[in-house]
Protein chains: 2
Amino acid sequence: MFEDAELGHTLSKEDFDKQLPALRERLLQAQTKLLEAKRFPVLLLINGVDGAGKGETVNALHEWLDPRHVQSMAFGATSDEERERPALWRFWRELPPKGKVGIFFGNWYTAPIVRRVLGESRKVELEQSISTIEHFERMLTDEGVLLLKFWFHLSKKSQKKRLEALSRSKRTRWRVTPQDWENASRYDDFRAVSERVLRETSTGSAPWIVVDGSDERYRSMAVARTLLDALERRLAAPPGEHERSQAKPAPVSIRDDKGLNVLRALDMTRKLEKKKYEEKLDALQARLNQLSRNPAFSQRSLICVFEGPDAAGKGGAIRRVTRSLDARQYRVIPVAAPTEEERAQPYLWRFWRHVPRNGRAAIFDRSWYGRVLVERVEGFCRDEDWRRAYAEINDFEEQLAQSGAVLCKFWLHVSEDEQLKRFEDRKNTGFKQYKITDEDWRNREKWPLYEQATCDMIDQCSTEIAPWTVIPANDKHFARVAVLETIVSRLAASIEK
Amino acid sequence: MFEDAELGHTLSKEDFDKQLPALRERLLQAQTKLLEAKRFPVLLLINGVDGAGKGETVNALHEWLDPRHVQSMAFGATSDEERERPALWRFWRELPPKGKVGIFFGNWYTAPIVRRVLGESRKVELEQSISTIEHFERMLTDEGVLLLKFWFHLSKKSQKKRLEALSRSKRTRWRVTPQDWENASRYDDFRAVSERVLRETSTGSAPWIVVDGSDERYRSMAVARTLLDALERRLAAPPGEHERSQAKPAPVSIRDDKGLNVLRALDMTRKLEKKKYEEKLDALQARLNQLSRNPAFSQRSLICVFEGPDAAGKGGAIRRVTRSLDARQYRVIPVAAPTEEERAQPYLWRFWRHVPRNGRAAIFDRSWYGRVLVERVEGFCRDEDWRRAYAEINDFEEQLAQSGAVLCKFWLHVSEDEQLKRFEDRKNTGFKQYKITDEDWRNREKWPLYEQATCDMIDQCSTEIAPWTVIPANDKHFARVAVLETIVSRLAASIEK
């Protein structure tokens, strides 16, 4: 992969000066269009060997573009807020919104490569990282991000020459750190590991662009031209026509002859007498409280997701959970229409921003499953968007679980009759009227569609690390106790093991 | 202040049960109106003595309100990201948006009171904290926040009884920490310091509401009724008619006979020959780079603000600064129209979110001064809003400076003639065309108004900790060197002292 980049490409000052004005003009025009259309964000990953001029090239880009709409970000040591969340969280929080250009140094490739070269990780861990990255980048490009991955390369000899040259001049000496020399001494290892990573992560929608870093004019021009070309092509394509996921549609379950499915198989008559309920509730709440104060929980977090038909009793169940927790620990996140800033980002961004730190709980009243439920049924997103969401959600939840989060996902189910009864009841109870809207009545008409979407969702996203707990909730007592029992048992299994 | 709250108010179960349904109905109605109108946010501060039922009362509120639009937040130990920023940053980042209810435990009152009681701070520091709080809260209420400050009180005897009762029951024992007993042993000190703080921070627009915490039903009802009353009254008032700042208008300078002002007094003929410029630029950039790599800078941050008429050369000056910095260190923040999430917050929120960590630089291309410049001149905000902004900005900058930020604020000034020349030039240079819009031409017509606004701004906000540097910028060389000289000298004074 690096052969061409070791040929020592150069660009004469004359040619450079001749090409530059037209290039700048076109870059600015493309950037202005990008900003006006706000159709997609542009994300440049800047990686490669030390001394290959990454910083200088980015500075040149900052100069040639309108710098007000370019944000470069370097990810150094993690903060404590970052360490207590999935590894990708720090990148999610800095993603450029639609219309803007983001440039990431020290991105998600850095740690996996460096750790492997230094022998801090095993081969299988590198493989896992690569797989996580592949999924993440596929999601980004599927969401419309124009992702350009630049690898700045230098041959072993050129790198040595370059670092020496930088060290000689007083003005540039600071750029060469002891770490750079240390890394240079491992050039061959770095090259081997990088080559493998690049090969495995070079995909159709986000290929690596390897740049010969030995000549300043050449490499800046190469990067700028690549950016310009990608940007112009993408802007010229009709909206929605961009390089979409080539992924096959996710398999979606088919209704069987008998109309049997996971919801219909529920025993909706399950109930719990009031006295029994109160006893159990008391004991479970005390137990959950105790678990939440277990010192081991400070290395874990709890994420609960509540989904279900309208009036299934999500709010009531959530309150039974939160009552057992210290108010300092939890947050309920009601999921409504996304804000403008959220709409300018990939779909999952608005959930990533609420991922809790260790020792905390986040309780989602509706969730990222909206994509495969309401958005699918109501046609709020395109077919391919909800179809790919199953895999994206599984990736997301896997990352949450890996970072120590205990995930409990509840589908509280009510029958159509019971829902109707509750709607009528709400209409007649003053302080519950706010809970019922015209939309709720409209949604009822689409019951079979929602049922199908729900079954598909459970089918696709009930995984070992994040299983769905489907609860018959015609009886609120039964449902609340079932919710608490699940949380208690999952939490206990996780922190008392 | 605490006398009434020590009388042992109670509410019988009968009365409580009788009042509750109507209260809940009205609370929900008010909350729905709040959410629909999105005119202002509601912020409840929950403070008081341990064992006075703060958590239980908030739980009750969560139950009586629509919990999806209430966010309770407890501020415990600071994270490293928080420690490297002004003390108020952590509260800014959690402020509820318009239409929502936020409940803050462990808020900005906690540390000043606790530290004073434990003897970790001196009296004068407490006074400073109180003053900071007063200004902060005045800003919040001026911005429309409905701020309700609850102090949960218990007499010494009641507190002891309450803590003992909690400790006796297995289910509530966890609530009483050793710290609570420790605090209880200092009851008198806590009472004295709190009394003083409450007295000094009880203002017309945000008075303290002291609640007798000895009876669960009484205190929950008292808090809920207070909230309801405040909410209903505020919703009934015509928009904009809420309790606005009683502050007198900020003094604004008057033009003198000779039309003399700080801008006209500038020597606009200042210039620097190209050769001299290049020499100086080189030396200054090397020096700035050296300073940015000084280990002492890791305890500081750099915040630069660039303001000036259109085409004054802000972008070019910024690039001369950023070129001396490592791309990993800085971020340019272009200030454009606020987003939806930003519009739902107090004015300064969108700048607080960009406050850099230590060791980093934030460069604002236009800034919070927009309020007293473009918003004032174009009438984008009301008269009282920009008039109070001077004091709010000074508070903001004081907090930045206190947290270790080095602030450099530049007004790059060009004459009307020079601006016209540059506009024409831009029109004729392909890759600069994007820089000039109809708005730029319109703004030119309001030159005298902008001049007045600028002079007032410098008058009001050029402070010792954050002085304005006004630079004649008809000659770009001169201006860029002056910018770098200022940053270098301020940074050196701060980190080499």
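1. Let's start with a term: two residues are in contact, or "touch", if their C-beta atoms, placed from the backbone, lie within 7 Å. Keep in mind, too, that this is a predicted model. Now try the term on A:Ile487. Leaving out residues up to four places away in sequence, A:Ile487 touches A:Leu288, A:Cys304, A:Val321 and A:Cys408.

2. That residue belongs to a bigger picture. The largest nonpolar core has 63 residues, and A:Ile487 is among those that touch the most other members. Also in that group are A:Cys304, A:Val321, A:Ile363, A:Leu412, A:Ile471 and A:Val483. Which helix gives the most to this core? It's helix H20 of chain A, residues 476–495, with nine residues. There is also a second, separate core of 61 residues, and B:Phe297, B:Leu373, B:Ala389 and B:Trp468 are included in it. As general background, nonpolar side chains in soluble globular proteins tend to be buried together.

3. Step back to chain A as a whole. You'll find 20 helices and ten strands in chain A, and its C-alpha trace spans about 85 × 50 × 45 Å along the principal axes. Of the 497 residues in chain A, 39% are buried. If you take contacts in chain A with a separation of 6 or more, 83% of them involve residues 24 or more positions apart.

4. Chain A is assigned two stretches: domain 1 covers 4–236 and domain 2 covers 274–495. Their C-alpha centres lie 39 Å apart. Where they meet, 17 residues of domain 1 of chain A are in contact with 18 residues of domain 2 of chain A. On the domain 1 side, helix H4 (89–92) and helix H6 (123–142) of chain A each supply at least two residues, and the largest share, four residues, comes from H6(A). By class, that side of domain 1 of chain A has nine nonpolar, one polar and seven charged residues.

5. Is A:Asp215 in a loop, a helix or a strand? Look in the loop between strand E5 (208–212) and helix H10 (216–236) of chain A. A:Asp215 counts as partly exposed because 18 other C-beta atoms lie within 10 Å, while a buried residue needs 20 or more. Not counting residues up to four places away in sequence, A:Asp215 touches A:His9, A:Thr10 and A:Leu11. A:Phe16 is 199 residues from A:Asp215 in sequence, yet 12 Å away in space, C-alpha to C-alpha.

6. How do the two chains relate? The same surface serves both copies, as 100% of the contact residues of chain B recur in chain A.

7. How many residues of chain B are in contact with chain A? There are 44, and they meet 44 residues of chain A. Elements giving two or more residues to the chain B side include helix H1 (13–37), strand E2 (70–74) and helix H11 (274–292) of chain B. That side divides into 13 nonpolar, 14 polar and 17 charged residues.

8. Finally, have a look at E2(B), one of those contributors. E2(B) is mostly covered, with four of its five residues buried. E2(B) runs parallel to strand E3 (residues 101–105) of chain B, and five bridges join the two. Find B:Gln71, for instance: its bridge partner in E3(B) is B:Gly102.

Terms used: Residues are numbered from 1 along each chain as its sequence is written. Chains are lettered from A and ligands numbered from 1 in the order in which they are written. This is a predicted model: local features need pLDDT of at least 70, side-chain atom pairs count only at pLDDT 80 or more; totals for chains, interfaces and linings use all residues. Domain bounds come from an automatic or database domain assignment. Ala, Val, Leu, Ile, Met, Phe, Trp, Tyr, Cys and Pro count as nonpolar, Asp, Glu, Lys and Arg as charged, and the others, Gly among them, as polar. A residue is buried if 20 or more other C-beta atoms lie within 10 Å of its own, exposed if 12 or fewer, and partly exposed in between; C-beta atoms are placed from the backbone. Two strands pair if DSSP finds at least two bridges between them. A nonpolar core is a set of buried Ala, Val, Leu, Ile, Met, Phe, Trp, Tyr and Cys residues joined through C-beta atoms within 7 Å.
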